[in-house]
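Biologist: Could you walk me through this one, please? I am new to reading structures.

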Amino acid sequence: LDLKPFLPGALVKLKSRNRLARVSDPIRVPGDILNALLAPVGSLFDKGKVLPLILNVRTKSIEELFEEKETDTETALIERWGFSDDFIAKFHKPFLEGIYLAPLAAQSSRMFSFVFKMFSEGAATLPKGGMIAVSKQLEDMAKEAGVEVKTNTPISQISVGKDGDFIVDCVSTNDRFKASSMIMATDGIAAQRLLSNVPGFENLVDLPVQSQ
């Protein structure tokens, strides 16, 4: 994929500033220590509290992190790590809720430690060819393994045959495929419509259609 890493740190949009505020990682980039100290995201007290967090996640294995006592992430940030409400609101909340698409109170503290370990040890990267390079790589590997890949093939119905296999009907070609297993990766409205004929999912018909 020829991954290209981003510099450690983050750019944060604050309500009081038009320019993005840069949050640096002086542990991995020592030359950024002044920028880290002067960044308008978090007090010096909060920045000092980051050090024991980094020490914890970098000295423990992934297995050890998942053996820690579990709470929600919001509770861990306040009670275990001692961050201020202001720092949580300006940095942790938008960062972590952007990853999980869920409020801090619904996120596992163990997963927070895992994610923080990954970001503090590794680097956020993008393929040189953009995100489409990931799906292209998967497609190439599948074809090498003898898999037939069909795209632009809308599905009209999914049902289950007497043998337990899935039966997939296509809209435009009138083709029918059978499969012993299936992955549904589409929007909620399409999933609700297509899965309503599958045993175990019949109640989806009676649910209100979710807006996108």
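Predicted model: local features only at pLDDT ≥ 70, side-chain atom pairs only at ≥ 80, totals over all residues.

Biologist: Which residues of helix H4 are buried?

Modeller: Buried means under 20% relative accessible area, exposed over 50%, and partly exposed in between, with a 1.4 Å probe and protein chains only. Helices are DSSP runs of H or I with at least four residues, strands are runs of E with at least two, and both are numbered from the N terminus. In H4, residues 73–80, the buried ones are Thr 73, Ala 76 and Leu 77.

Biologist: Why do the buried residues of H4 line one face of the helix?

Modeller: An α-helix has 3.6 residues a turn, so residues three or four places apart point the same way. The arc is taken from the directions from the helix axis to the C-beta atoms. Seen down the axis of H4, the buried residues line one face because they fall within an arc of 95°.

Biologist: Is His 92 buried or exposed?

Modeller: His 92 sits in helix H5. Its contacts (heavy atoms within 4.5 Å) include Leu 77 and Phe 112, leaving aside residues up to four places away in sequence. With a relative accessible area of 2%, His 92 is buried.

Biologist: And is Leu 11 buried or exposed?

Modeller: Leu 11 belongs to strand S2, residues 10–12. Its relative accessibility is 59%, so Leu 11 counts as exposed.

Note on methods. Residues numbered from 1 in each chain as written. Heavy atoms only, no water.
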